Amino acid sequence: MAAKRNAVTTEAPESSAPGEGTALALDSRLSKRVESVIPKKRHEALKWFGWGYNDSEFYGQDGIICFRGEKYPLGGCELPSFTKWVEHKFDLRVDTTKPFPQLPRSYPRPVENAPFLHELKGTTQVEYSLEGIDRLVRCHGQTLNDIYSLWHHKFRRIPDLVVWPRCHDEVVQLVRLAHKHNVMLVPFGGGTSVSGAITCPQNESRMICALDTSQMNRLLWLNRENLTVCFESGIVGQDLERVLRGEGLTVGHEPDSYEFSTLGGWVATRASGMKKNVYGNIEDLVVRVRMVTPSGTLERECSAPRVSCGPDFNHVIMGSEGTLGVITEVVLKVRPLPTVRRYGSLAFPNFEQGVLFMREVARRRCQPASVRLMDNEQFMFGQALKPEKSWWASVVDAMKQRYVTSWKGIDLNQICAATLLFEGDLKDVQRQEALLYEIAAKFQGFPAGGQNGERGYILTFVIAYIRDFGLHQGIVAESFETSVPWDRCSLLCRSVKQRVVSECSKRNINYYTISCRVTQTYDAGACIYFYFGFRSTDVTDPVELFEAIEHNARDEILSCGGSLSHHHGVGKIRSHWYRNAVTETGSSLYSAAKRHLDPKNIFALGNLLPLEEAHPQAEAPPPPPATSSTPPKAKL
């Protein structure tokens, strides 16, 4: 899954958290600048128009969907079953003649703030670029709207400048300059946001500076006695884990975007990972965090495991979504690498029985590192994604299917499955496996093999590529998530799917898919992921239609007792509901903190609350500038 191992250079740290320098177990010799899988010129490795690596994608060949890319298990595979699934579900044949989007010939003309640029060049060592492609790839995240707008050159406003600070102190310089000259800053990490959080505000009239944290990716120190580590915020998930694995350690935070998202982004959005049962969500992993604001650096002075010292300012930073400042350094808990990593899977006769199993596992607090339950629609989708097998393997599969249908009496139109991941020492893993399979049997579940569990877990990283292939073929699709109390879990799943079906019927959409999975469990409830897509070949504005249906689905989620978001965050696309979610008093408190920390609103992203509500004194901007036919020269 991960790219090849990259080089790591060692150097003395320029900064470290206060009070850590004298720790006996601290090894500052480990301070490392990481050669990341993502270069400074992002588009050299990653797609400018979609998700993932340039060399990894679904494509059509001779009417069959295939996948290329050596980083994933599906690399080099033909997928005839998936092809048939697409044809049946969307009444669509794979079109291999359609061209892929091309880079624009021109870019929106940059707004220049001469005094800011003069001081940037004269008083700092910060690297920067005015090049059009550098600006374009940092104007967006990964929402369906973002990608569709890129493909159709709809962005009227993109960052005017990209800067690459290398440490906390350079971020302090940049924020001071931006505040002094009233330049807007957009903190940019991995660019994986699916909430519109980093999408460039289209009506901003000031100079917009994308502050790319990718060059802030050092391990600053490691304390083996306390099992804590300090990283700069721009390090990418897979780079962070690769460095720690070399020390026999892990953070264990593994969101679906782990390959490309950054530590700072995890903190800014209150992220969750697939293995949170063992390692915790990001709020459980963070010990301390530093954030640079126009009013100064916000951080907690003490690194003790827990403090009772008024409101915890770590939690002001977590979930702030780039609206209050720039996260620069994060102290995290680490754990020794598990000695055993084992996959498993379970099959259940229907989704309701699977949910009851998940509830019982959570009640008994015996969750493995990951346990995820998919409904029948997702189960069949996953089966379709299997590569073509040999004759003998097909015979074996047929026998297995007969065992399930004839001997177990399970309807293939109802069956659902759970994927399992166990981590720990051998005895703990064996004990967990036995207990999980014992609980599953009480709800008519039975083991379905470790190979299926591993495949289901790793396919998570491939599924994101399908969205862009679908868009290319005339299918718009996206995911959305929530968390919900246990007593409303099954009801919410049914109600939201029924609402989507109803909305599609109203709009004469006949070819679509709507499915869900339970991905994380807690004492009091669970996280639910929905996947929705429809054929858009006859639709004038497919993204607008998709967003209208998703908006109604979100209303249904909230009416069923679900949350506004479990881990994607609010961003711009869910800001409509934020005030009600946190109450009038809560939104006023956030606005007050925003005005205090960012008095000129240089972090005017419009996340959480719309701009005029988050910062009422902000003036309405004039229209954005025109487009230039000749992109400006770059400076690096």
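**Arg-467 and its surroundings**

Author: The side chain of Arg-467 forms a polar contact of 2.7 Å with the side chain of Asp-468. Please keep in mind that this is a predicted model.

Reader: Which helix holds Arg-467?

Author: Arg-467 belongs to helix α15, which covers residues 450–473.

Reader: Is Arg-467 buried or exposed?

Author: Arg-467 has a relative accessible area of 10%. Buried means under 20%, so Arg-467 counts as buried.

Reader: Which annotation covers Arg-467?

Author: The unreviewed UniProt entry carries the annotation "binding site" for Arg-467.

Reader: What is Arg-467 in contact with?

Author: Leaving aside neighbours within four places in sequence, the contacts of Arg-467 include Trp-51, Gln-142, Thr-143, Leu-144 and Ile-147. Ala-477 and Glu-478 are also among them.

Reader: Let us take Glu-478, then. Where does Glu-478 lie?

Author: Glu-478 is part of strand β22. The side chains of Glu-478 and Arg-467 are joined by a polar contact of 3.0 Å.

Reader: Which strand does β22 pair with?

Author: β22 pairs with strand β24, residues 525–535, in the antiparallel sense over 11 bridges. To give one example, Ser-479 has Tyr-531 in β24 as its bridge partner.

Reader: What holds paired strands together in general?

Author: Strands of a sheet pair through backbone hydrogen bonds, and the pairing may be parallel or antiparallel.

Reader: Changing topic: in what order do the strands β3, β4 and β5 stand?

Author: These 3 strands form an open sheet in the order β3-β4-β5, with antiparallel pairing. β3 (57–61) and β5 (77–78) are at the edges with a single partner strand each, so one side of each has no neighbour in the sheet.

Reader: How many bridges link β3 and β4?

Author: β3 and β4, the latter being residues 64–68, pair over 5 bridges. Glu-57 has Arg-68 in β4 as its bridge partner. Helix α15 also packs on this sheet, touching β3 and β4, and its direction makes about 50° with that of β3.

Reader: Which strands does helix α1 lie across?

Author: Helix α1, residues 80–90, lies across β3, β4 and β5 and runs at about 125° to β4.

Reader: One more residue, please: where is Val-543?

Author: Val-543 lies in helix α17, residues 542–559. With 4% relative accessibility, Val-543 counts as buried. The residues that Val-543 touches, apart from those up to four places away in sequence, are Leu-144, Asn-145 and Tyr-148. The C-alpha atoms of Val-543 and Val-476 are 7.2 Å apart, although 67 residues separate the two along the chain.

Reader: Finally, how many helices and strands are in the protein chain?

Author: The protein chain has 19 helices and 25 strands. Of its 636 residues, 58% are buried.

Note on methods
Residues numbered from 1 in each chain as written. Predicted model: local features only at pLDDT ≥ 70, side-chain atom pairs only at ≥ 80, totals over all residues. Heavy atoms only, no water. Helix = DSSP H or I, 4+ residues; strand = E, 2+ residues; numbered from the N terminus. Buried < 20%, exposed > 50% of the residue type's maximum accessible area, 1.4 Å probe, protein only. Pairing = 2+ DSSP bridges. Polar contact = N/O pair within 3.5 Å; in protein donor to acceptor, adjacent residues only side chain to side chain. Contact = heavy atoms within 4.5 Å. Axes fitted to C-alpha atoms, helices over the stretch in contact; angles between N-to-C directions. UniProt positions renumbered as here; feature names shortened; annotations may be inferred.
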